[in-house]
Amino acid sequence: MIGGGITGLSAAYEASRLGADVVLLEASPRLGGKVTTEVVDGFLVELGPDSFVGPKQSVLDLAGELGIGDAVVSSRPEGQGARVWWDGALHPLPEGLMLMVPAKLTPLMRSSLLSWRGKVRVFGDLFVPRGNGEDETLESFVVRRLGREVLERIAEPLIAGIHAAEPATMSLRASFPRFLEMERRHRSLIVAARRAAHRRPEGPHRSHFVSFRDGMGTLAAALSRALHDVDVRTSTSVARISVRRDGYRLLTEAGAIDADRVVLAVPARTASELLEPLDSRAAASVRQIRQVSTATVTLGYRAADIPPLAGSGFVVPSSTNRKVMGVSFLSNKWDGRAPDDDHVLIRAFVGGVHGRRLATASDEEILTEVERELDLMLGIRAAPTLVRVASWDGGLHQYTTGHIQRVEAAEARLAESHPGLVLAGAAFHGIGLNECV
């Protein structure tokens, strides 16, 4: 396995359970990739994702196998309810949204986020015919079904918070195939969302997004502990892969490693570089997968020093030309993120296609810009008691239109020329932790 993020760890764990002799190579000094949790002065700081989607089950099933299933927690009730920064103010998202599709119409009609014209246009979804089933951009799909206001004020900022992507280039089939399936089966997205809402089981249930009591690093640590029979080598990067008679030879600074099969659980940029000497056509397909840089700024405050924070946070449409994509109120969302009730923890996100310059700036410049934005949007002027900036160069992959075809082309080439070499990870079949697992 090349790559010690969650994908590489999961692959190594599964392969070793099946009886394979596994070597796991990770270029950095630590395992887990972006899934990193730190505890600083009583604050629990996530440098990467702070949660995962519970209903998809893959991570939950793995957590059960690893003996950490009882450490999974739902978000706090007071952490429910996100907002959108629009026209100089924070507006609550309408209750009952399935990401961008309303399952409840009354909250939508009462929302201050959309104009009356925008609200009326949403009802057009009840009459718009099905599409042709072909892939299209997120922008095209949302505008066609729900109107441009929903795109600009709801869909785009919510999607940016997950993918840091541009709706005008984002492949819907690669990123959110569920919406195409909803259209195919029900024609109307509103009808599909309402029926899905009625099918939800009643009574206590987990929130849509879940995490671990002691942070997402719990998963990486448990996977690392489970690799009993795996030869794990950190701070070991692979410079080149060459073919030998019955397998592959991996060249590293510490020497050569021979392997029958290789899993490349690395970013697209790295994968294309390693593939180039082996299959230039596969490498060319992978090279077309775009990556964007992001950064997070985690800030701890004394609660008495800042205005009250309600809900889970807010997202920011790109058309507002702000420096942040969104802000998450972590201590509202999850128990145990701040040392006590007298402190709060928040996290701001910068980067993506429009914010690439700031995401790759110095920590000092990123912090300065984020504090200006928090002053404007939330009225926070106090000095934080905790600051942690985490920058991820090329940290998010962009599933632009044609993504599925590019991945299929690369995998088909490798299946023909190098069947013992496999692509895996967030670059290819889904950026979420469930997909990586």
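Analyst: The count comes to three aromatic pairs, where rings of Phe, Tyr and Trp (its six-membered ring) pair if their centres lie within 6.5 Å. Planes under 30 degrees apart count as stacked, over 60 as edge-to-face and the rest as tilted. This is a predicted model: local features need pLDDT of at least 70, side-chain atom pairs count only at pLDDT 80 or more, and totals for chains, interfaces and linings use all residues. Residues are numbered from 1 along each chain as its sequence is written, and side-chain values use heavy atoms, leaving out hydrogens and water.

One of the pairs is F52 with F212. It is tilted, at 5.6 Å centre to centre and 35 degrees between the planes. F52 sits in strand β4 (residues 52-53) and F212 in strand β10 (residues 209-212), so the pair links parts of the chain 160 residues apart. Helices (H or I, at least four residues) and strands (E, at least two) are DSSP runs, numbered from the N terminus. Both F52 and F212 are buried; buried means under 20% relative accessible area, exposed over 50%, partly exposed in between (1.4 Å probe, protein chains only). F176 and F179 are also a tilted pair, because their ring centres are 6.0 Å apart and their planes lie at 50 degrees. F176 and F179 are buried too.

Next come the nonpolar cores. A nonpolar core is a set of buried Ala, Val, Leu, Ile, Met, Phe, Trp, Tyr and Cys residues joined through side-chain atoms within 4.5 Å. The largest has 34 residues, of which M100, F141, V142 and I154 touch the most other members. Two or more residues each come from β6 (82-86), α5 (138-145), α6 (148-163), α8 (177-186) and α9 (189-198). Helix α6 gives the most, with six. Leaving aside residues up to four places away in sequence, I154 touches L93, P94, L97, L99, M100, L113, L114 and E149, contact being heavy atoms within 4.5 Å. A second, separate core has 33 residues, including Y13, L24, L31 and A226.

The structure holds 26 salt bridges, each a side-chain nitrogen of Lys or Arg within 4 Å of a carboxyl oxygen of Asp or Glu. R145 pairs with D125, with the closest N and O atoms 2.6 Å apart. R145 is in helix α5, while D125 is in the loop between α4 (116-122) and α5, 20 residues apart. R145 and D125 are both buried. E373 pairs with R322, also with closest N and O atoms 2.6 Å apart. That pair joins helix α15 (residues 363-378) to the loop between β17 (313-315) and β18 (326-328), 51 residues apart. E373 is buried, at 3% relative accessible area. R322 is partly exposed, at 32%. Through shared partners, salt bridges join D125, E136, R144, R145 and E183 into one network.

Finally, helix α16. H403, R406, V407, A410 and L414 are buried in α16. Seen down the axis, the buried residues fall within an arc of 95 degrees, so they line one face of the helix; the arc is that of the directions from the axis to the C-beta atoms. On the other side of α16, A415 and E416 are exposed. The buried residues of α16 pack against α7 (172-175), α11 (268-275), α12 (280-287), β20 (386-398) and β21 (421-423).
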